[in-house]
Amino acid sequence: MIDSKSFRQYVEESERSVLSPYAAFSADTKGRERPLTPCPVRTEYIRDRDKIIHCKSFRRLKHKTQVFLSPIGDHYRTRLTHTLEVSQIARTISRGLRLNEDLTEAIALGHDLGHTPFGHAGEAVLDELLRDEGGFEHNEQSIRVVEKLENDGKGLNLTLEVRDGIRHHKKSGTPMTLEGYVVSYADRIAYINHDIDDAIRAGILSSEDLPKSCLDRLGHSHGERINTLILDLLEHSFMQPRITMSEDVLEQFNVLRDFMFENVYLNGKAKGEEDKGKHLVEQLFGYYLNHVELLPPEFLMNLEADGAKRVVADYIACMTDTYAISVFEKLFVPREWSSL
Ligand code: MG
């Protein structure tokens, strides 16, 4: 405490004098489902950032696939390093636009908490298996994680703005804050560029394969491209009530994204192991649907409200690639008799 004000109140006041009028001010948060006594030091958004960093789902991101399944090479991205790159890019943009960097960071660190093992292959198979239950999407699952599954089933009790940004981080989403839009752009800027880098490392692409128009407009290296995209976004969004890019940069960015879908995400050699990942998720799903009683209590407590298929999907979606493989081996692969 300095005079009668808390450290937090000083931070809240400095937000009012420094941030853009279009920023989300932490003192104006719409709050949490269960109100908390204010922290003397941290604003509500800093608190959410910390809650996310300390949760188990965040630590599990280190063993979840980004594009390359359970990569042996240490230099490939995982869901965790992807999340850190998104956070870094999003914070740079937010600081440039004088938006709320703490809110941006909290949304970015939480945006992929609901990702399944085996990347989009795991998501696609759970979506099929839950077709009659409204399907499965990783952004909606991130919300289930922070609202229902984390913290022994009590949820993380995050502010509305952070939950909204997590729910709407996909390209088609319409977040309630500009910070939410920043994370949505930062997600795309991060994954398209780092997946190019990983695909080159894996020998699936070489930089000469990338569309020439994209290289000419966005840059020839990983760093140049990220720089161009961020600068363009800053120039066209500064002190504006919306986040946008120039038409020509956005066009080349979309060309690059389409190129990655055609050559890496949907057709590349990285897909080779995906069918095995899908099969494994399907087998685990069938097994636990017949043995729901084996699920941990924080999943079982939602059985009555959400039904067996949804809680089994919750359990499997929380698994890392490595854990899912070891459960599968335990359940379905015969073991050698260890004593002579
Ligand atoms: Mg992401």
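Student: Which residues lie nearest the centre of the second largest pocket?

Tutor: K56, R60, E298, F299 and C318 lie nearest the centre, out of 15 residues that line the second largest pocket. A pocket here is an open set of points on a 1 Å grid over the protein atoms alone, with protein on both sides within 12 Å along at least five of seven lines, and lining residues have an atom within 4 Å of a point.

Student: Which elements give two or more residues to that lining?

Tutor: Helix 3 (56-60), helix 7 (138-153), helix 14 (297-300) and helix 16 (308-318) do. Helix 7 gives the largest share, with five residues. Helices are DSSP runs of H or I with at least four residues, strands are runs of E with at least two, and both are numbered from the N terminus.

Student: What is this pocket's volume, and how does its lining divide by class?

Tutor: The volume of the second largest pocket is about 220 Å³. A volume is the space filled by probe spheres set on the grid points, which are joined across faces, edges and corners. Its lining has seven nonpolar, three polar and five charged residues. Nonpolar covers Ala, Val, Leu, Ile, Met, Phe, Trp, Tyr, Cys and Pro; charged covers Asp, Glu, Lys and Arg; the others, Gly among them, count as polar.

Student: Before I go on, what kind of model is this?

Tutor: The model is predicted, so local features need pLDDT of at least 70 and side-chain atom pairs count only at pLDDT 80 or more, while totals for chains, interfaces and linings use all residues. Residues are numbered from 1 along each chain as its sequence is written, and side-chain values use heavy atoms, with hydrogens and water left out.

Student: Back to helix 16. Is it mostly covered or mostly uncovered?

Tutor: Mostly covered: nine of the 11 residues in helix 16 are buried, meaning under 20% relative accessible area, where exposed is over 50% and partly exposed is in between (1.4 Å probe, protein chains only). The buried ones are R310, V311, V312, A313, D314, Y315, I316, A317 and C318. C318 is also one of the residues nearest the centre of the second largest pocket.

Student: Now the largest pocket. How much space lies in it?

Tutor: About 740 Å³. It is lined by 36 residues, and H120, E123, H138, Y191 and F261 are the closest to its centre.

Student: Which helices supply at least two residues of that lining?

Tutor: Helix 4 (79-97), helix 6 (119-129), helix 9 (178-201), helix 12 (247-265) and helix 13 (274-290). The largest share is from helix 6, with six residues. By class, the lining of the largest pocket holds 12 nonpolar, 10 polar and 14 charged residues.

Student: How many cavities of 30 Å³ or more?

Tutor: One. A cavity is a set of points where a 1.4 Å probe fits but cannot get out.

Student: Which residues line the largest cavity?

Tutor: S20, Y22, L97, L99, L178, S237, M239, Q240 and I243. They divide into six nonpolar, three polar and no charged residues.

Student: Switching topic. How many salt bridges?

Tutor: The structure holds 26. A salt bridge is a side-chain nitrogen of Lys or Arg within 4 Å of a carboxyl oxygen of Asp or Glu.

Student: Take the one between K212 and D216. How far apart are they in helix 10?

Tutor: They are four residues apart in helix 10 (residues 212-218), so about one helical turn separates them. K212 is exposed, with a relative accessible area of 60%, and D216 is partly exposed at 48%.

Student: Are D50 and R49 buried or exposed?

Tutor: D50 and R49 are both buried.

Student: And K5, what does it pair with?

Tutor: K5 forms a salt bridge with E13, with the closest N and O atoms 3.0 Å apart. K5 is partly exposed at 26% relative accessibility, and E13 is partly exposed at 40%.

Student: Last one, the whole chain. How many helices and strands?

Tutor: The chain has 17 helices and zero strands. Its radius of gyration, taken over C-alpha atoms, is 21 Å, close to the 20 Å that the globule rule gives for 340 residues, so the chain is as compact as a globular protein of that length. The globule rule is 2.2 Å times the number of residues to the power 0.38. Buried residues make up 52% of the 340 residues.
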